[in-house]
Amino acid sequence: MASKISNSIAISFYLLLIIINFSIVESSNKIRSHRPCKTLIFYFHDILYNGENAKNATSTIVGAPAWGNLTKLAGQNHFGDLIVFDDPITLDNNIHSNPIGRAQGFYIYDKKEIFTSWIGFSFVFNSTQHKGSINFAGADPIMNKTRDISVIGGTGDFFMTRGIATIMTDSFEGEVYFRLRVDIKLYECW
């Protein structure tokens, strides 16, 4: 009788160990991968209104400090200027390429000592390749060669996506035109 009880306890113990082992293996399989589920590269082209280029402008100053105005960027590293934009997005760095969507949002120059801004925008797609939008927000230390901002959501093909976007100033012409290369790595894809 005692050996049946000890055998029964031993079998129960081994079954418990097997169950715990499967639970650990199952939960370790749920650990998120640090590899992106989707990577994308786009360019967006910003032409700031300067009082003379209304036909081609894709962005404009909508708020300025007391010492600034709404057609020229303020001094002191443009501190206090609020710019709204509706820029074309392309697959390459040519502004004349067919746009696959629009970059729509704003940036605020937020520091007197150095060029830096806070930016919030969406890529709104209207192509056969992509439908929906990707939303971005974060600090943009413009003087750095590359800057990372957060991908905070999306719609359509990018529903509830999250990730990181690495921004690089690809080209600029004075204070009127700049082109950004945006390398997007999505880590949550539905």
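**View 1. Asp183 and its partner Arg181.** Let's start at a buried spot: Asp183 has a relative accessible area of 14% in this predicted model, which puts it under the 20% cut-off for buried residues. Asp183 pairs with Arg181 in a salt bridge, and their closest N and O atoms lie 2.9 Å apart. Arg181 is partly exposed, at 24% relative accessibility.

**View 2. Arg179 and Asp170 in a salt bridge.** Here the closest N and O atoms are 2.5 Å apart. Arg179 is buried, with 13% relative accessible area, whereas Asp170 counts as partly exposed at 33%.

**View 3. Arg102 and Asp86, a link between two strands.** The side chains of Arg102 and Asp86 form a salt bridge, with 3.1 Å from N to O. Arg102 is partly exposed, at 27% relative accessibility. Asp86 is partly exposed too, with a relative accessible area of 33%.

**View 4. The chain around these close-ups.** The chain contains 2 helices and 9 strands, arranged along the sequence as α-β-β-α-β-β-β-β-β-β-β. Of its 190 residues, 35% are buried. Among contacts between residues at least 6 apart in sequence, 46% join residues at least 24 apart. The chain exposes about 11500 Å², with carbon and sulfur atoms supplying 59% of that area.

Technical notes
Residues are numbered from 1 along each chain as its sequence is written. This is a predicted model: local features need pLDDT of at least 70, side-chain atom pairs count only at pLDDT 80 or more; totals for chains, interfaces and linings use all residues. Side-chain values use heavy atoms; hydrogens and water are left out. Helices (H or I, at least four residues) and strands (E, at least two) are DSSP runs, numbered from the N terminus. Buried means under 20% relative accessible area, exposed over 50%, partly exposed in between (1.4 Å probe, protein chains only). Contact means heavy atoms within 4.5 Å. Accessible areas come from the Shrake-Rupley method with a 1.4 Å probe; for residues, only the protein chains shown count as cover. A salt bridge is a side-chain nitrogen of Lys or Arg within 4 Å of a carboxyl oxygen of Asp or Glu.
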